[in-house]
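I opened the model today and kept notes on what I looked up. The entries follow in the order in which I made them.

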Amino acid sequence: MIRALGWVLRRDLLLAFRRRGDVVNALVFFVIVVSLFPLGVGPEASQLRNMAPGVLWVAALLACMLSLARLFAPDHQDGTLEQMLLAGEPLVVLVAGKVISHWLMSGLPLVLMAPLLGLQFDLPADALGVLCVSLLLGTPVLSLIGAVGAALTLGVRGSGVLVALLVLPLYVPVLIFGAGSVGAVAAGTGAEAHLLLLGGFLALAVVLAPWACAAALRIAME
Amino acid sequence: MGMSKTGRFSWYYFSSPQSFYPLAGVLQPWFAGLAVALCAVGLYISFFVAPTDATQGDAYRIIFIHVPAAWMSMFLYLVMGFWSGVGLVLNTRLSSMVATALAPTGALFTFIALWTGALWGKPTWGTWWVWDARLTSELILLFLYIGFMALQAAIDDQRRADKAGAVLALVGVINIPIIYFSVKWWSTLHQGASVSMTSAPTMAKTMLLGMLIMALGFWMYSIAATLARVRCVILERERHTDWVAAEIGGQS
């Protein structure tokens, strides 16, 4: 099982590495969306500092969602997914490998880029640290929930918009506590509670999402 | 009706769309009648019997629509999740059809709850919309209903649409409490104590009675509307069968 996981992980990472453009595009999208907000609301530092957690988190949500289309669709088109379903290894493990590689390619770059963008919004150093930790805990949840949405809409017409409709409402708790943790640092109340809850969401999503995703894939490939 | 060949009553008899269709047809007018009667009584109590509120005046009377609609919107999502789960596990077509038929009614009540909330907010809070925990989670519930209906509408293969919708509904059922408590915590952190939906400390007995009767009326309406809709879904999906051809007089 570990070998199957490693195999999927290596394969997906290699494919992503060969087509670096996709990864870079999602990251550039994140940077552009975040940079548009000061242009829209004005460059006042105090206002930007208040908005920063929400803006960064919403942009991360959207960037993560955009990359969901690549999660299963290429494998569905070239028939790899069908072979995965037929393989002797449990589908849940293969799904988990794909989700991990999706997070490494879409979530982790956001985590690494976020402090730089936080500086644009004049966030203090301790808030930047919490922002990174919250994204580190939160973006895997986004990948896990998103994988269920991507599997449900696999091969459906208009799936790009549809996946947003399905997945974004489910992202609400992660957004609240992710952005809330950074806001809590600014308010001086400490971010532990928010981060613990984000960790709880991650634990719950790790347990439930791969199974739901595997079930959805079986339904889609029936 | 409802008897198997051995003469024993069996619920499974009605799990087939063909035998459920006439039963739904018989029951539907009764539930519709009950809905009309209960809503008439409820509205009478809420407009003429219930006393005028000391602080909010007559504007509070929208509560008799607003609260029952909000109750039904959440309850119907749970019912939808239940039938989705049954359809997914037992692979019964009728359960999935019921889940499909429930969604528009649930979305309707969610919308009514939001709309009346806005109408109520204007005279009492002075604003159409507040980011109150309950209003916000109702809004997200509406998004969940819309997502369910959009997913089912986008998939052409009927069986796949049923099952994909069922998985989504179950994921939603797990998420609803998480979303609700997140939003609740979020709004208590963000807003001052100026606005509170629970500001009415004591509620007159007649108010509660009116609200409960309205809720029962909405419940009966939901059943009636769902039965009517499930009959249409059955006819549409079974249109290739002989019994549907006979039912609609060979017009297929």
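**Entry: Ser19(B).** I started with Ser19(B), which sits in helix α1 of chain B, residues 17–49. Is Ser19(B) buried or exposed? Its relative accessibility is 10%, and the cut-off for buried is under 20%, so Ser19(B) counts as buried. I then listed its contacts, setting aside neighbours within four places in sequence, and got Tyr13(B) and Phe14(B). I note that this is a predicted model, and I read every value here as computed from it.

**Entry: confidence.** For the complex it gives an ipTM of 0.86 and a pTM of 0.87. The average pLDDT of chain B is 84, and 89% of its residues score at least 70. Which stretch of chain B has a pLDDT below 50? I found residues 192–196 there, with two contacts in the model beyond near neighbours in sequence. Where pLDDT is low, predicted coordinates should not be read in detail.

**Entry: chain B overall.** I counted seven helices and zero strands in chain B. Read from the N terminus, its elements run α-α-α-α-α-α-α. Chain B has 252 residues, and 46% of them count as buried. I looked at the contacts in chain B with a separation of 6 or more, and 75% of them are between residues 24 or more positions apart. The accessible surface of chain B is about 13,000 Å², with 69% belonging to carbon and sulfur atoms.

**Entry: chain A overall.** How compact is chain A for its length? Its radius of gyration is 18 Å, close to the 17 Å from the globule rule for 222 residues, so chain A is as compact as a globular protein of that length. I also took the extent of its C-alpha trace along the principal axes, which is about 55 × 30 × 30 Å. Of the 222 residues in chain A, 52% are buried. For contacts in chain A between residues at least 6 apart in sequence, I found that 81% join residues at least 24 apart. Chain A exposes about 9,800 Å², and 70% of that comes from carbon and sulfur atoms. I also located its charges: there are 11 positive and 11 negative ones, and their mean positions are 9 Å apart.

**Entry: positive phi.** I looked at phi values in residues other than glycine. Asp122(A) has a positive phi, near 65 degrees. Where does Asp122(A) lie? I placed Asp122(A) in the loop between α6 (91–120) and α7 (125–152) of chain A. Asp122(A) has a relative accessible area of 36%, which makes it partly exposed.

In chain B I noted Asn91(B), whose phi is also positive, near 60 degrees. Asn91(B) belongs to the loop between α2 (63–90) and α3 (93–125) of chain B. Asn91(B) is partly exposed at a relative accessible area of 45%.

**Entry: C-alpha pairs in chain A.** I looked up Ala16(A) in helix α1 of chain A, residues 2–18. Ala16(A) is buried, its relative accessible area being 16%. From Ala16(A) to Met105(A) the C-alpha separation is 7.4 Å, although the two are 89 residues apart along the chain.

I took Ile32(A) next, in helix α2 of chain A, residues 20–41. At 46% relative accessibility I class Ile32(A) as partly exposed. Ile32(A) and Ala59(A) are 27 residues apart in sequence, and their C-alpha atoms are 9.1 Å apart.

**Entry: Leu162(A).** I ended at Leu162(A), in helix α8 of chain A, residues 159–170. With a relative accessible area of 6%, Leu162(A) is buried. Its C-alpha is 9.7 Å from that of Leu152(A), ten residues away along the chain. Which residues does Leu162(A) touch, not counting those up to four places away in sequence? I found Thr153(A) and Val156(A) in chain A, together with Ala150(B), Leu151(B) and Ala154(B) in chain B.

Definitions and conventions: Residues are numbered from 1 along each chain as its sequence is written. Chains are lettered from A and ligands numbered from 1 in the order in which they are written. This is a predicted model: local features need pLDDT of at least 70, side-chain atom pairs count only at pLDDT 80 or more; totals for chains, interfaces and linings use all residues. Side-chain values use heavy atoms; hydrogens and water are left out. The radius of gyration is taken over C-alpha atoms; the globule rule is 2.2 Å times the number of residues to the power 0.38. Buried means under 20% relative accessible area, exposed over 50%, partly exposed in between (1.4 Å probe, protein chains only). Contact means heavy atoms within 4.5 Å. Accessible areas come from the Shrake-Rupley method with a 1.4 Å probe; for residues, only the protein chains shown count as cover. Lys and Arg count as positive and Asp and Glu as negative; His and the chain ends are not counted. The place of a charge is taken as NZ of Lys, CZ of Arg, CG of Asp or CD of Glu. pLDDT is the predictor's confidence in each residue, from 0 to 100. Helices (H or I, at least four residues) and strands (E, at least two) are DSSP runs, numbered from the N terminus.
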